[in-house]
Amino acid sequence: MKKYLLFIVMAVFTVIAAACSSSTSGEKAETEPAEGNETPKEVTVTHELGETTVPVNPEKVVVFDFGSLDTMAELGVEPVGLPKENIPDYLSKFEDEKYENTGSLKEPDFEKINELAPDLIIISGRQMDLYDQFAEIAPTVYLAVDESNYMESFKKNATTIGQIFDKEAEVKEKLTAIDEKVAALNEKASSMNKNGLIILANEGKISAYGPASRFGIIHDVFGVKPADENIEVSTHGQSVSFEYLVETDPDYLFVVDRGAAVVDGESSIKQVVENDLVKGTKAVKNDHVVYLDANVWYLSGGGLQSVLKQTDEIEKAISK
């Protein structure tokens, strides 16, 4: 009898223990998900104008920086709205009516932006003074490129966009590919015994850019020796004359035509730049006047696509 009772007690104990174990295991699965599998719901971005907390994978994004738009497009991310005036040719898909027009780069349509109720707004230098107005509508991130530290700044911006849209691995892979191409170009440009001068042409006038300037990536990153190392660093460049081009006599003359970027119609800048006075320079005589893609250089620099395009354009130019 005693043996029989002992058997029953042990059986009951075993059943209770198993039930407790099962219950405990189930609670642990529900309350303690595997570490590293969760995507954070928010990310805090520190930028030049402040610190902004934004949702990860925001559904409605308004972007006022074509370099950021370029990176978003490369990552397969689309905005709900953007300024549709002067969209670079290679980003022309965003002219479609399904993307709302939010004004121009310098004159945002705040009424339309409010109407869209975005989760995130991305701006850059052209909208810097309007930051507070944007921030009143939605979390706003300032992603301009630091021209004095171009590549580090560009990479930081791309990585930030990767964090916001949960595409960090993709961004890292693309940046590695860009680094390889840039290193190859720098080695090639640094080893050649030739220099270059960068000018912006605008309505018959020209201004020069050197290292650490708006287009200084040609010297600072790509390795082309500057023909003049004392050019004043300015957003609009140092105003120069055509006589200056003759005196400087660069091996390569890199030309950014502002009119080609912001004015419809074909450019006639070649007639302006390669005038009778300049025809005697080495750049003209050796067919080394390079008319850069103004859509990329003037409107959308600092994107995953545009930096590659810039690299390819300079590599092709110095291979002549």
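Trainee: Which residues does S213 touch, not counting residues up to four places away in sequence?

Mentor: Touching is about contact, meaning heavy atoms within 4.5 Å. With residues up to four places away in sequence left out, S213 touches E147, D220 and V233.

Trainee: Before we go on, what pLDDT must side-chain atom pairs have to count in this model?

Mentor: Residues are numbered from 1 along each chain as its sequence is written, and side-chain values use heavy atoms, with hydrogens and water left out. This is a predicted model, in which totals for chains, interfaces and linings use all residues, local features need pLDDT of at least 70, and side-chain atom pairs count only at pLDDT 80 or more.

Trainee: Back to S213, then. Is S213 buried or exposed?

Mentor: Start with its place, the loop between β9 (205–209) and α7 (217–220). Helices (H or I, at least four residues) and strands (E, at least two) are DSSP runs, numbered from the N terminus. Buried means under 20% relative accessible area, exposed over 50%, and partly exposed in between, using a 1.4 Å probe and protein chains only. The relative accessible area of S213 is 1%, so S213 counts as buried.

Trainee: How many helices and strands does the chain have?

Mentor: The chain has 320 residues, and 44% of them count as buried. As for its helices and strands, there are 13 of each kind: 13 helices and 13 strands.

Trainee: What share of the contacts with a separation of 6 or more comes from residues 24 or more positions apart?

Mentor: Take the contacts in the chain with a separation of 6 or more. Residues 24 or more positions apart account for a share of 59%.

Trainee: Which residues form the negative surface patch?

Mentor: Patches are made of residues with over 30% relative accessible area and no salt bridge, with like charges joined within 9 Å and nonpolar side chains (Val, Leu, Ile, Met, Phe, Trp, Tyr) within 5 Å. Lys and Arg count as positive and Asp and Glu as negative, while His and the chain ends are not counted. The place of a charge is taken as NZ of Lys, CZ of Arg, CG of Asp or CD of Glu. The negative patch is formed by E48, D146, E147 and E152.

Trainee: What is the relative accessible area of D146?

Mentor: D146 is found in the loop between β7 (140–142) and α5 (150–164). D146 counts as partly exposed because its relative accessible area is 37%.

Trainee: How many salt bridges does a search of the whole structure find?

Mentor: A salt bridge is a side-chain nitrogen of Lys or Arg within 4 Å of a carboxyl oxygen of Asp or Glu. Searching the whole structure gives a count of 12.

Trainee: Which residue in strand β5 pairs with K112?

Mentor: One of the salt bridges involves K112, its closest N and O atoms being 3.4 Å from each other. That pair links distant parts of the chain, 12 residues apart, with K112 in helix α3 (residues 110–116) and its partner in strand β5 (residues 100–101). K112 itself is buried, at 18%. The partner in β5 is E100.

Trainee: Which residue forms a salt bridge with K320?

Mentor: The closest N and O atoms of this bridge are 4.0 Å apart. The pair links distant parts of the chain, 33 residues apart, with K320 in the segment after α13 (304–318) and its partner in the loop between α11 and β13.

Trainee: What is the relative accessibility of E203?

Mentor: E203 sits in the loop between β8 (195–202) and β9, and has a positive phi of about 55° although it is not a glycine. E203 counts as exposed because its relative accessibility is 76%.

Terms used
Accessible areas come from the Shrake-Rupley method with a 1.4 Å probe; for residues, only the protein chains shown count as cover.
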